[in-house]
Amino acid sequence: WFATAGLSYAAIGLGGVDPMMVAAKIETFMSWEPMYLQNKLDPTLGEIGLVIAVNECLEPLRLPFVVVTTKPVVNFFTKRL
């Protein structure tokens, strides 16, 4: 979980994604009054929230990878001991 969260944080930071602009898009999509979220949202916490949301969206991709690699990793480490 932490690895993909770190990669998501790096991708958002390097990609120049602005959490305030994402909040504005959500406001428009949800038909909320303008600046409702943006006035209440700290940019740093908004970035962390965006990272968590993106990370949770990656869960369906992460689960099959973990399921497929768990047995080979366990076998590798049990043979070495």
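**View 1. Helix α4 and its buried residues**. In α4, the residues Gly-46, Glu-47, Leu-50, Val-51 and Asn-55 are buried, where buried stands for under 20% relative accessible area, exposed for over 50%, and partly exposed for anything in between (1.4 Å probe, protein chains only). Helices here are DSSP runs of H or I with at least four residues, strands are runs of E with at least two, and both are numbered from the N terminus. Helix α4 takes in 15 residues, 43-57, and at 1.5 Å a residue it should span 21 Å; its end C-alpha atoms are 21 Å apart, so the two values agree. That expected span is 1.5 Å times one less than the number of residues.

Before moving on, a word on what you're looking at. This is a predicted model, so local features need pLDDT of at least 70 and side-chain atom pairs count only at pLDDT 80 or more, while totals for chains, interfaces and linings use all residues. Residues are numbered from 1 along each chain as its sequence is written, and side-chain values use heavy atoms, with hydrogens and water left out.

**View 2. The whole chain, for orientation.** Along the principal axes, the C-alpha atoms fill a box of roughly 60 × 20 × 20 Å. Of the 81 residues, 20% count as buried. The chain exposes about 6400 Å², and carbon and sulfur atoms supply 73% of that area; accessible areas come from the Shrake-Rupley method with a 1.4 Å probe, and for residues only the protein chains shown count as cover. Take the contacts between residues at least 6 apart in sequence: 57% of them join residues at least 24 apart. Contact here means heavy atoms within 4.5 Å.

**View 3. Confidence, element by element.** The predictor's confidence in each residue is its pLDDT, on a scale from 0 to 100. The chain has a mean pLDDT of 84, and 98% of its residues reach 70 or more. Among the elements, helix α3 (residues 36-40) has the lowest mean, 77, and helix α5 (residues 59-80) has the highest, 89. Where pLDDT is low, the predicted coordinates should not be read in detail.

**View 4. The salt bridge between Glu-59 and Arg-62**. A search of the whole structure turns up one salt bridge, a term that asks for a side-chain nitrogen of Lys or Arg within 4 Å of a carboxyl oxygen of Asp or Glu. Glu-59 forms it with Arg-62, and the closest N and O atoms are 2.2 Å apart. The two residues are three apart in helix α5, so about one helical turn separates them. Glu-59 is partly exposed at 31% relative accessible area, whereas Arg-62 is buried at 13%. Leaving out residues up to four places away in sequence, Arg-62 touches Trp-1, Thr-4 and Asn-55. Glu-59 and Thr-4 are 55 residues apart in sequence, with their C-alpha atoms 9.2 Å apart in space.

**View 5. Val-54 and its contacts**. Val-54 is in helix α4 and is partly exposed, with a relative accessible area of 33%. Skipping residues up to four places away in sequence, Val-54 touches Ser-8 and Ile-12. Val-54 and Thr-4 are 50 residues apart in sequence and 9.3 Å apart in space, C-alpha to C-alpha.

**View 6. Ser-31, a residue with positive phi**. Ser-31 has a phi of about 60°, a positive value, although it is not a glycine. You'll find Ser-31 in the loop between α2 (19-30) and α3. Ser-31 is exposed, with a relative accessible area of 65%.

**View 7. Leu-63 in helix α5**. Leu-63 is partly exposed, at 49% relative accessible area. Leu-63 and Thr-78 are 15 residues apart along the chain, and 23 Å separates their C-alpha atoms.
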